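Dear colleague,

I am passing on the structure below, together with notes on what turned up in it. Please read the notes with the coordinates open beside them.

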Amino acid sequence: LQGIFVLGLPYALLHSGYSGLLLIVLAAALCCYTGKILIACLYEENENGQPRRVRDTYEDVANACCKKLSPSLGGVVVNVTQVLELIMTCILYLVASGNLLSHSFPYVPVTEQTWSVIAFVTLLPCIFIRTLKIVSKLSQLCSLVHFVIIFVVITYCLTQMHQWSWAKFRLSLEFEDFLVSVGVIIFSYTSQIFLPTLEGNMKNPGEFRCMLNWTHFFACILKTTFALTAFLTWGEKTKEVITDNLPSFLETLVNLCLLTKALLSYPLPFFAATEIVYSCISKDNHSNYRSPLLALTVRGSFLLLTLLMAMFTPHFALLMGLTGSVTGAAMTFLLPSLFHLKLKWKKLSSLEKCADISVFLLGFLCSLAGIVCSIKGLLEVFG
């Protein structure tokens with residue numbers, strides 16, 4: 001999910017300056033921490049004091065926290081937030097696809113929105129995806145293409161080292177632009193909705209914390225290197241999608257690779273979102289859950305919704321910032337820290353309580369400010 005959105009990080013540095021580098025590192029540390037406490041909420045100690053997994057999903061954790069108010073209230077909130085984040089991710093893939101096609105074929109008299117429609121047509125077979133097996137194969141191809149793209153961009157940037165200058169970094173920042181950058185950086189790290197399933201399927205779940213430390217460490221190194229080298233290369237000319245800055249002989253090739261990656265990445269969040277909806281429907285009416293007509297209707301509606309949103313919001317960085325501020329902050333910072341405090345309060349040390357409260361407050365403030373600034377930015381663009 002995170003590969004193509006790394007392309008917005010150099011643009012985030014343009015608006016956040018030196019603080020953006022710190023934010024990339026800080027976001028990695030905080031996301032790693034909240035991932036650990038979320039998984040801790042899946043476990044309770046047995047009579048012997050040994051941890052035992054009593055919950056399986058993010059929804060189960062939410063329901064456990066809200067069971068006194070309503071047995072299913074927490075799960076509803078989490079499911080709605082998850083579906084929103086996944087749908088916004090699908091929309092971003094379509095927006096990126098339209099942008100990439102537009103810049104790959106600038107002489108074709110077609111608008112960016114029309115290119116998004118063309119990309120959408122290629123995604124219609126997603127309606128017939130029923131299992132994760134197909135999605136996993138597509139995701140493997142995405143990972144390979146992703147590393148090739150990052151390698152090409154960084155290699156080109158290194159050839160331009162002679163014109164790098166730290167003076168390109170801004171010392172004075174526009175507060176609103178900075179907050180949009182916060183949303184972009186947060187969204188590039190969001191993965192909490194997949195962690196319970198990932199941990200549950202590990203051969204040795206005891207290695208989860210170590211795995212999380214190393215993956216966030218390497219992700220931080222990769223994203224910092226990519227964002228820094230790209231920004232030092234283009235400075236104030238850095239565009240929303242960094243591949244638009246590449247020379248023509250590379251831009252078309254890289255953009256077509258990115259287009260392939262975006263289209264192959266779309267099925268994963270799409271499949272996950274529809275599965276959440278199906279699981280909710282099955283609780284009320286199991287027969288409808290197996291209805292082929294209902295399945296096609298839900299998937300078709302999701303596809304159409306993502307297209308319409310992509311048509312009306314063709315601004316990659318602003319939409320990414322809004323998504324990161326709304327669903328990214330909620331799923332990554334707010335809910336894990338809140339759930340951890342609720343379920344583990346009596347067993348937490350004072351330091352751990354302060355850490356959870358600090359993460360919650362920081363996430364809330366960043367989310368609120370980022371939402372306001374991202375929406376204002378979108379309104380100004382449309383105005």
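Ser-191 counts as buried because its relative accessibility is 15%, where buried means under 20% relative accessible area, exposed over 50% and partly exposed in between, with a 1.4 Å probe and protein chains only. Ser-191 lies in the loop between helix H7 (175-187) and helix H8 (195-200), helices being DSSP runs of H or I with at least four residues and strands DSSP runs of E with at least two, numbered from the N terminus. Although 160 residues separate Ser-191 from Cys-31 in sequence, their C-alpha atoms are 8.4 Å apart in space.

Please keep in mind that this is a predicted model, in which local features need pLDDT of at least 70 and side-chain atom pairs count only at pLDDT 80 or more, while totals for chains, interfaces and linings use all residues. Residues are numbered from 1 along each chain as its sequence is written, and side-chain values use heavy atoms, with hydrogens and water left out.

Turning to charges, the structure holds 5 salt bridges, each being a side-chain nitrogen of Lys or Arg within 4 Å of a carboxyl oxygen of Asp or Glu. One of them joins Glu-45 and Lys-347, with the closest N and O atoms 3.8 Å apart. Glu-45 lies in strand E1 (residues 43-45) and Lys-347 in the loop between helix H14 (316-344) and helix H15 (350-382), so this pair ties together parts that are 302 residues apart in sequence. Glu-45 is partly exposed at 49% relative accessibility, whereas Lys-347 is exposed at 52%.

Arg-53 takes part in a salt bridge with Asp-56, at 3.1 Å between the closest N and O atoms, and in another with Glu-199, at 2.9 Å. The pair of Arg-53, in strand E2 (residues 51-53), and Glu-199, in helix H8, links distant parts of the chain, 146 residues apart. Arg-53 is partly exposed at 26% relative accessibility, while Glu-199 is buried at 2%. Salt bridges also link Glu-44, Arg-55 and Lys-344 in a network.

Beyond its neighbours within four places in sequence, Phe-302 is in contact (heavy atoms within 4.5 Å) with residues including Val-83, Ile-87, Tyr-266 and Phe-270.

The count of aromatic pairs comes to 7, where rings of Phe, Tyr and Trp (its six-membered ring) pair if their centres lie within 6.5 Å, and planes under 30 degrees apart count as stacked, over 60 as edge-to-face and the rest as tilted. Tyr-156 and Trp-234 are stacked, at 6.0 Å centre to centre and 15° between the planes, and this pair links helix H6 (residues 132-159) with helix H9 across 78 residues. Both Tyr-156 and Trp-234 are buried. The pair of Tyr-266 and Phe-270 is stacked because the ring centres are 5.8 Å apart and the planes are at 25°; Tyr-266 is buried at 1% relative accessible area, and Phe-270 is buried at 3%.

Finally, ring pairs link Trp-214, Phe-217 and Phe-218 into a cluster. Trp-214 lies in helix H9 (residues 208-234) and is partly exposed at 48% relative accessible area.

Best regards
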